[in-house]
Amino acid sequence: MLKKTIGTTSAAHVRQQVNEELFDADAALQRLEGDTELFRMLAKIFQEDSVELFGKLSSALAAGDLAVVERAAHSIKGLAANFEATAATEVASSIEEAARTRQPLGLEPRVKELGVQLERLREALAQWDAA
């Protein structure tokens, strides 16, 4: 395995720090009573379902269907919360609330941010699983 260093910090250590900013594996595993197989199963579900749900959310926003936006954001929020992924959970929650209260102004940039957070989380979970 190639080991790069950044100053005195290894690339693996930097990845771990980034992952810790995206989700809290320790807290998630504690809630799952240390069941790493269940964690991996949830991560796999997240990898698949988050893509599909984000597509639904984006399409619904473009069509002005705030009820579907609300439901998709709620489901994404739940998926991300399994991993204590605070940033993704908070953005999804804000989208859900705006759609629920029928306040679509400003949703588009939040949806874009959610897409970024979900992609980062998918990558971080894949790295965690590969470790």
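**Before you start**

This is a predicted model, in which local features need pLDDT of at least 70, side-chain atom pairs count only at pLDDT 80 or more, and totals for chains, interfaces and linings use all residues. Residues are numbered from 1 along each chain as its sequence is written, and side-chain values use heavy atoms, with hydrogens and water left out.

**Stop 1: the core**

Select F23, F39, L57, F83, I95, L114 and L125. These residues have the most contacts inside the largest nonpolar core, which has 35 residues. A nonpolar core here is a set of buried Ala, Val, Leu, Ile, Met, Phe, Trp, Tyr and Cys residues joined through side-chain atoms within 4.5 Å. Buried means under 20% relative accessible area, exposed over 50%, and partly exposed in between, with a 1.4 Å probe and protein chains only.

Now colour the elements that give two or more residues to this core: α2 (25–31), α3 (36–63), α4 (66–81), α5 (86–100) and α6 (107–130). Helices are DSSP runs (H or I, at least four residues), numbered from the N terminus.

Stay on I95. What is in contact with I95, leaving aside its neighbours within four places in sequence? Look for L57, V69, A73, L107, R110, V111 and L114. Contact means heavy atoms within 4.5 Å.

**Stop 2**

Axes are lines fitted to C-alpha atoms, for helices over the stretch in contact, and angles run from 0 to 180 degrees between N-to-C directions.

Select the contact residues next. α4 brings L66, V69, E70, A73, H74, I76, K77, A80 and A81, while α5 brings A88, T89, A92, S93, I95, E96, A99 and R100. By class, this contact has 10 nonpolar, three polar and four charged residues. Ala, Val, Leu, Ile, Met, Phe, Trp, Tyr, Cys and Pro count as nonpolar, Asp, Glu, Lys and Arg as charged, and the others, Gly among them, as polar.

Zoom in on E96, in helix α5. Is E96 buried or exposed? E96 is buried, with a relative accessible area of 13%. Not counting residues up to four places away in sequence, E96 touches E70, A73, H74 and K77.

Move to H74, in helix α4. H74 is partly exposed, at 43% relative accessible area. Draw a line between the C-alpha atoms of H74 and I95: they are 21 residues apart along the chain and separated by 8.5 Å.

**Stop 3: α5 against α6**

α5 and α6 pack at an angle of about 150°, with their axes 9 Å apart. α5 and α6 are therefore roughly antiparallel to each other.

Select A87, A88, V91, A92, S94, I95 and A98 in α5; they meet L107, R110, V111, E113, L114 and Q117 in α6. The residues of this contact divide into nine nonpolar, two polar and two charged.

**Stop 4: two loop residues**

Most residues other than glycine have a negative phi. Select E33, in the loop between α2 and α3. E33 has a positive phi of about 55° although it is not a glycine. E33 counts as exposed, at 77% relative accessibility.

Finish at E84, in the loop between α4 and α5. Phi of E84 is also positive, near 55°. E84 is partly exposed, with a relative accessible area of 33%.

Definitions and conventions:
Parallel < 35°, antiparallel > 145°, perpendicular 65-115°, else oblique.
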